[in-house]
Amino acid sequence: MSEIEQIDAAGRLRHLLSLEGLERRRIESIIEQAHHYLTPIGAPPARDTILEGVTVVNLFFEPSTRTRASFELAARRLSADVLSLDVNTSSRAKGESVIDTIYTLEAMQADIFVVRDASTGVPASIARHVAPHISVLNAGESDVSHPTQGLLDLMTIQLEKGDPTRLTVAIVGDIRHSRVARSAYEALMHFQVGELRLVGPAELLPDQALFAGASRETNLEKGIAGADVVMALRIQKERFAQMSEIPDPQEYFRRYGLTEERLQAARDDAIVMHPGPMNRGVEIDSATADGKRSVIRRQVTCGTAVRMAVLAQVSEHIRAGHG
Ligand code: CP
């Protein structure tokens with residue numbers, strides 16, 4: 001957990017660095033606000049002026065499609081000024097430090113930094129250095145934390161399956177390297193999930209010190225038996241210390257790939273989730289990813305609504321600082 005205070009002295013959300021340490025009522029309030037921003041596919045997206053005069057800067061030092069695009073759309077739909085810095089052509093390529101980049105953007109009156117980085121601690125380090133009115137939102141930190149993903153996964157589960165206390169959730173795949181699994185775990189534990197199973201090859205299951213209260217299983221069929229929710233994860237090749245440790249994709253699919261046939265072990269009404277990006281034919285086949293159980297695109301829609309809610313909540317802190 002970060003030592004940075006995520007809540008300001010007046011009880012407003014200032015930073016979102018981790019779901020660990022955030023009170024359940026805060027999570028409930030973000031998800032409740034996200035529901036106001038959720039409109040059906042085909043209908044016009046929700047809009048608001050709550051971020052008028054606020055500047056949001058996206059700093060993605062790792063690749064992203066969903067998180068970056070949805071933060072950008074969320075900020076624009078709330079009427080913010082938005083800058084998504086192309087880090088490959090920024091002065092970081094000339095050796096400028098992250099903190100000097102932040103100070104430079106702060107001098108241009110940036111108010112919210114949305115940060116993704118491959119190293120642990122970068123969002124918290126930025127939060128330590130920014131001016132008091134500024135907010136930092138973690139958009140994916142190494143294998144440690146992806147809080148808005150945890151929120152959107154919880155929101156999707158509640159929408160599709162109801163109260164988590166009655167549910168069995170199986171997370172399948174490369175859990176060892178997954179910030180998505182860490183944040184989903186934190187969100188589900190806040191809501192006393194009925195049962196949480198971690199399923200995958202032994203070498204891709206997390207250290208024993210992590211995920212207290214979750215069970216572990218190396219056999220896929222046993223791991224998803226009777227599950228209400230099955231969440232597949234990508235093998236995160238970019239986080240393996242040695243290329244030789246990366247599982248062979250065909251062998252992995254044979255043992256752990258989600259297929260309609262394998263999902264017969266889960267409940268008849270089980271849903272299938274995946275945070276994306278998917279590697280079809282490795283952790284999931286196309287029939288399952290696009291099938292009737294899949295809520296993968298629903299997760300994406302919830303993601304934009306959740307990010308609008310988070311931006312709206314931190315805007316109250318920023319406005320108080322603007323005076
Ligand atoms: N789920 C997720 O973080 O996807 P992106 O890497 O595309 O942002």
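These legends describe close-up views of a predicted model.

**View 1. The two domains of the chain.** The chain is split into domain 1, made of residues 24–144 together with 301–322, and domain 2, made of residues 147–295. Between the C-alpha centres of the two domains the distance is 26 Å. Domain 1 brings 25 residues to the contact, and domain 2 brings 22 residues.

**View 2. The area buried between domain 1 and domain 2.** The size of an interface is often expressed as the accessible area lost when the parts come together. Here the buried area is about 2000 Å², and carbon and sulfur atoms give 64% of that area. On the domain 1 side, Arg-24, Ile-27 and Asp-143 supply 28% of the area buried against domain 2, more than any other three residues.

**View 3. Salt bridges and polar contacts.** The interface of domain 1 and domain 2 holds 2 salt bridges. A salt bridge joins the side chains of Arg-179 and Glu-62, with a distance of 2.8 Å from N to O. Across the interface of the two domains, 6 residue pairs are in polar contact.

**View 4. The side of domain 1 that touches domain 2.** Five elements each supply at least two residues to this side: helix H1 (24–36), helix H2 (66–77), strand S3 (112–117), strand S4 (135–141) and helix H10 (296–322). Helix H1 gives the most, with 7 residues. Sorted by class, this side of domain 1 has 11 nonpolar, 5 polar and 9 charged residues.

View 5. Gln-149 sits in helix H5, which covers residues 147–161. Gln-149 counts as buried because its relative accessibility is 6%, under the 20% limit for that class. Leaving aside residues up to four places away in sequence, Gln-149 touches Val-180, Pro-275, Gln-299 and Arg-307. Val-282 lies 133 residues from Gln-149 along the chain, and the C-alpha atoms of these two residues are separated by 22 Å.

**View 6. The surroundings of Ser-294.** Ser-294 belongs to the loop between helix H9 (286–289) and helix H10. Which backbone oxygen does the side chain of Ser-294 reach? The side chain reaches the backbone oxygen of Ala-289, at 2.7 Å. With residues up to four places away in sequence not counted, Ser-294 touches Val-272, Thr-288 and Ala-289.

Definitions and conventions: Residues are numbered from 1 along each chain as its sequence is written. This is a predicted model: local features need pLDDT of at least 70, side-chain atom pairs count only at pLDDT 80 or more; totals for chains, interfaces and linings use all residues. Side-chain values use heavy atoms; hydrogens and water are left out. Domain bounds come from an automatic or database domain assignment. Contact means heavy atoms within 4.5 Å. Buried area is the accessible area (1.4 Å probe) that two parts lose on being put together, summed over both. A salt bridge is a side-chain nitrogen of Lys or Arg within 4 Å of a carboxyl oxygen of Asp or Glu. A polar contact is a pair of N or O atoms within 3.5 Å; within protein, one must be able to donate a hydrogen and the other to accept it, and residues adjacent in sequence count only if both atoms are side-chain atoms. Helices (H or I, at least four residues) and strands (E, at least two) are DSSP runs, numbered from the N terminus. Ala, Val, Leu, Ile, Met, Phe, Trp, Tyr, Cys and Pro count as nonpolar, Asp, Glu, Lys and Arg as charged, and the others, Gly among them, as polar. Buried means under 20% relative accessible area, exposed over 50%, partly exposed in between (1.4 Å probe, protein chains only).
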